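Please have the sequence and the model open as we go through a few selected regions.

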Amino acid sequence: MCGIFAYKGSKKNATELVIQGLKKLEYRGYDSWGVAYKTDSKINVYKEVGKIGSFDLQNAEGKIDFSLPCSLAVGHSRWATHGGVTVENAHPHLSSDNSIAIVHNGIIENYAELKKDLINKGYKFKSETDTEVIVHLIHDNIKLGLTDAVKKAIGYLHGRYAVLVISKDENILIAARRGSPLIVGSGEKEFFIASDIPAFLEYTRKVMYLDDNQMVVINDRPEFFDLETGKQIEKRIVEINWDAKEAEKGEFPHFMIKEIMEQKETISRAINQDEDKILKIAEAIKKAYGTYLIGCGTAGKVCLAGSYLFAKIAKRHVNSAFGSEFPSLQDFITDKSLMIAVSQSGETADTLEAIEVAKKKNAKVLSIINVEGSSMDRMSDYSINIKAGPEKAVASTKATTSQLAILTLLAYAVAGKLDEGKILLVEAASKINDMLNPRYEERIKTLAEKIMNHESMYVIGKGLNYPMALESAIKLQEVSYIHAEGFAGGELKHGPIALISKDTPCIAIVANDETKHEILGNAMEVKARGGYIIGVSPENNEIFDFWIKVPDAGNASPIVNIIPVQLLAYQLAVLRKNNPDMPRNLAKSVTVK
Ligand code: M6R
């Protein structure tokens with residue numbers, strides 16, 4: 001949440017570079033944006049409400065002065081937490097004398113006390129944000145010099161933050177982190193700092209990760225410090241193997257549809273893992289006394305699907321919970337437990353907190369992530385990279401199916417049937433490749449046109465596909481803004497069936513397995529009350545008012561069955577004139593609690 005981008009180097013168009021970098025981070029927050037840039041000995045700031053994507057660099061006259069050479073700038077794209085969506089609350093925030101500018105991602109939990117103290121000292125606040133206390137704290141200590149003033153100010157903060165600081169008096173860029181991501185990109189006589197790697201990938205693939213409680217001061221070169229000991233630390237440069245083009249939309253109108261279509265290849269990439277590593281992890285799962293799958297949102301639904309997959313394929317009980325709920329379950333955790341954290345970004349605050357809880361109990365942690373070098377990757381005893389490539393649409397699609405593929409593979413490995421699992425998934429990948437053709441898209445669009453004006457819809461599933469009913473509902477809610485809910489088919493008669501009236505759309509996910517007859521029976525119950533049944537199934541059935549054909553993928557059915565619903569959510573968003581890549585109120589990578 002919130003995108004941060006900064007440039008310090010030999011180029012003279014830092015402001016432009018920062019705006020371009022921020023445009024690539026817009027998926028992290030799009031309530032407002034702003035830049036602070038240093039020219040001669042002055043800090044200039046420009047901010048506005050709305051998405052940075054629509055800002056035209058060619059028509060910036062009167063807003064930003066690009067004529068002055070500038071080699072140091074910071075920018076921010078905001079997802080509002082403290083304070084409404086206004087220009088005053090947009091970042092960067094300035095000290096009262098305009099000498100220091102900062103941008104921040106995270107939440108300062110003790111900002112109210114700090115603000116009170118600063119007001120007593122005579123500081124005047126222009127915004128309602130928690131962030132503004134940081135800039136005044138730095139100013140309050142500026143006699144120490146900028147670097148030490150930042151260190152001192154950081155010492156007062158409770159909570160999670162990624163902060164970037166520049167000042168009119170020193171030609172340095174400072175960043176500090178606790179809990180929110182920051183990565184330093186190292187180019188030819190130039191450095192970038194961003195919340196996510198794709199933002200600077202076109203300039204460099206060499207990165208250095210800033211860890212929690214660390215600070216970097218960039219002058220001609222970066223110097224890293226441990227904020228707890230004050231000692232300087234050495235950082236390893238890591239070479240990233242993502243291709244900059246992978247993070248672009250290319251010929252597609254939106255990232256969401258591009259990422260849905262990429263599922264033709266991503267499953268095969270996901271399962272192409274080092275076999276010894278998978279077997280070693282399978283042993284750790286077998287040995288563990290209590291295994292917990294933890295994730296949030298869509299990743300949380302994938303975790304629930306994992307419980308079903310392990311039960312069915314490996315005959316093993318594996319628990320699952322949302323990251324935000326896990327601290328309440330921690331009393332079950334011991335040093336013999338294993339946590340499997342599932343996260344696309346590897347930076348979700350609630351999941352990170354769950355990992356911290358598990359680590360405190362000396363439990364082992366396995367992360368299933370899409371971002372190499374992310375916080376979760378680095379905190380874990382083992383990691384599996386799903387290799388889906390950058391996922392930029394807020395609604396997760398390709399990462400979801402790749403996470404499901406990895407959990408399926410692990411379940412087979414635990415059952416001692418890794419080869420069988422691989423064959424199943426290779427076949428599923430090839431079936432998805434055949435399924436995602438223009439005719440298929442057209443058919444889903446026809447359905448979207450039929451149901452686009454409904455206020456509510458429901459999704460039912462059973463067994464392996466119950467979690468997919470829940471995931472379908474998230475997808476539909478997120479981008480279509482239609483009220484959607486997922487249920488276990490058998491639960492309908494215990495209450496939710498009261499919500500069905502004439503023509504209420506109800507998607508029934510019907511896998512060709514032992515659950516088939518019961519879930520068809522549940523769909524029949526909905527139909528008998530006037531519901532409009534959309535069957536997602538390998539075979540047509542007289543109950544269905546509209547049939548979406550999916551290939552029969554056996555135990556890989558959750559992977560295959562969620563894809564048409566992703567497409568439906570996308571088509572509904574487009575028809576209802578919503579931006580599927582940047583749904584209202586949401587942001588990619590939820591780094592606040
Ligand atoms: O990066 P993560 O996988 O940890 O993100 C978890 C959720 O925030 C994420 O899945 C969210 O629910 C998506 N917007 C769903 O499409």
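**Ser-77 and its surroundings**

Leaving aside residues up to four places away in sequence, Ser-77 touches Cys-2, Gly-3, Leu-22, Glu-26, Gly-29, Tyr-30, Ser-32 and Trp-33, where contact means heavy atoms within 4.5 Å. Before I continue, please note that this is a predicted model, in which local features need pLDDT of at least 70 and side-chain atom pairs count only at pLDDT 80 or more, whereas totals for chains, interfaces and linings use all residues. Residues are numbered from 1 along each chain as its sequence is written, and side-chain values use heavy atoms, with hydrogens and water left out.

Ser-77 belongs to strand 4. Helices (H or I, at least four residues) and strands (E, at least two) are DSSP runs, numbered from the N terminus. With a relative accessible area of 1%, Ser-77 is buried. I use buried for under 20% relative accessible area, exposed for over 50%, and partly exposed for in between, with a 1.4 Å probe and protein chains only. Ser-77 and Ile-52 are 25 residues apart along the chain, and their C-alpha atoms are separated by 7.4 Å.

Which residues of helix 2 are buried? In this helix, residues 111-120, they are Leu-114, Lys-115 and Leu-118. Viewed down the axis of helix 2, the buried residues fall within an arc of 100 degrees, so they line one face of the helix; the arc is that of the directions from the helix axis to the C-beta atoms. Strand 6 (100-108) and helix 3 are what these buried residues pack against. On the face turned away from the buried side, helix 2 carries the exposed residues Glu-113, Lys-116 and Asn-120. Just after helix 2 comes Gly-122, with a positive phi of about 105 degrees.

Helix 4, residues 146-155, has Leu-146, Thr-147, Ala-149, Val-150, Ala-153 and Ile-154 buried. Down the axis of helix 4, these buried residues fall within an arc of 165 degrees, and therefore they line one face of the helix. Their cover includes helix 3 (132-140), strand 7 (159-167), strand 8 (173-178) and strand 12 (214-218).

Asp-148 is also found in helix 4. This residue counts as partly exposed, at 38% relative accessibility. From C-alpha to C-alpha, Asp-148 and Gly-34 are 26 Å apart in space, and they are 114 residues apart in sequence.

**Salt bridges**

Side chains of opposite charge can pair when their charged atoms come close. The rule applied here calls a salt bridge any side-chain nitrogen of Lys or Arg within 4 Å of a carboxyl oxygen of Asp or Glu. How many salt bridges does this rule give? The count comes to 25.

One of these joins the side chains of Glu-202 and Lys-24, at 2.2 Å from N to O. Glu-202 lies in the loop between strand 10 (190-194) and strand 11 (206-209), and Lys-24 in helix 1 (residues 14-24), so the pair ties together parts that are 178 residues apart in sequence. Glu-202 is partly exposed at 47% relative accessibility, whereas Lys-24 is buried at 15%.

A salt bridge of 3.1 Å, N to O, joins the side chains of Glu-275 and Lys-422. This pair links distant parts of the chain, 147 residues apart: Glu-275 in helix 7 (residues 275-287) and Lys-422 in helix 12 (residues 418-435). Glu-275 is partly exposed, with a relative accessible area of 35%, and Lys-422 is partly exposed at 23%.

Glu-518 and Lys-462 also meet through their side chains in a salt bridge, at 3.4 Å from N to O. Because Glu-518 lies in helix 15 (residues 516-528) and Lys-462 in the loop between strand 21 (456-461) and helix 14 (466-480), the pair ties together parts that are 56 residues apart in sequence. Lys-462 is partly exposed, with a relative accessible area of 25%. Finally for this section, a network of salt bridges links Asp-211, Lys-235 and Arg-378.

**Cysteines**

A disulfide is a covalent bond between the sulfur atoms of two cysteines. With a disulfide taken as a pair of cysteine sulfur atoms within 2.5 Å, the structure holds zero disulfides. Cys-296 is in no disulfide, and the nearest cysteine sulfur, that of Cys-303, is 8.6 Å away. Cys-506 is buried, with a relative accessible area of 1%.
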